[in-house]
Amino acid sequence: SQTSAPVAKNVNAAEFAKLIVSKAGIILDVRTAPEVKKGAISNSVNIDFFADDFAAQISKLDKNKPVYVY
């Protein structure tokens, strides 16, 4: 059987807000710690894009849930 590739879609802020409310998933914040301190979406998971173990941390996310990246 063929597995379908993940679909990535860029959306504006209003559509993003609707998606995270309407469809359960992982809200992924890829910003640095100083950026996160300025404010973050509640219940989001922060994995710093510039961290040495970024790929390893991303690979641990539940692949059966949509991931909303900001």
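Which residues do ring pairs link into a cluster? In this predicted model, the cluster consists of Phe16, Tyr68 and Tyr70, linked by ring pairs.

View 1. The aromatic pairs number 4 in total. Phe49 is partly exposed, its relative accessibility being 48%, whereas Phe50 has a relative accessible area of 64% and is exposed.

**View 2. An open sheet of 3 strands.** The strands follow the order β2-β1-β3, and their pairing is parallel. At the edges lie β2 (45-46) and β3 (67-69), each of which pairs on one side only. Strand β1, comprising residues 26-29, runs parallel to β3 and is joined to β3 by 3 bridges. In one of these contacts, Ile26 has Val67 of β3 as its bridge partner. In general, the strands of a sheet pair through backbone hydrogen bonds.

**View 3. The salt bridge between Glu15 and Lys9.** The structure contains 2 salt bridges. In the one formed by Glu15 and Lys9, the closest N and O atoms are 3.2 Å apart. Glu15 is partly exposed at a relative accessible area of 32%, while Lys9 is exposed at 62% relative accessibility.

**View 4. The salt bridge between Arg31 and Asp29.** Here the closest N and O atoms of Arg31 and Asp29 are 2.8 Å apart. Asp29 counts as buried because its relative accessibility is 0%, and buried means under 20%.

Definitions and conventions:
Residues numbered from 1 in each chain as written. Predicted model: local features only at pLDDT ≥ 70, side-chain atom pairs only at ≥ 80, totals over all residues. Heavy atoms only, no water. Pairing = 2+ DSSP bridges. Helix = DSSP H or I, 4+ residues; strand = E, 2+ residues; numbered from the N terminus. Phe/Tyr/Trp six-rings, centres within 6.5 Å; stacked < 30°, edge-to-face > 60°. Buried < 20%, exposed > 50% of the residue type's maximum accessible area, 1.4 Å probe, protein only. Salt bridge = Lys/Arg side-chain N within 4 Å of Asp/Glu carboxyl O.
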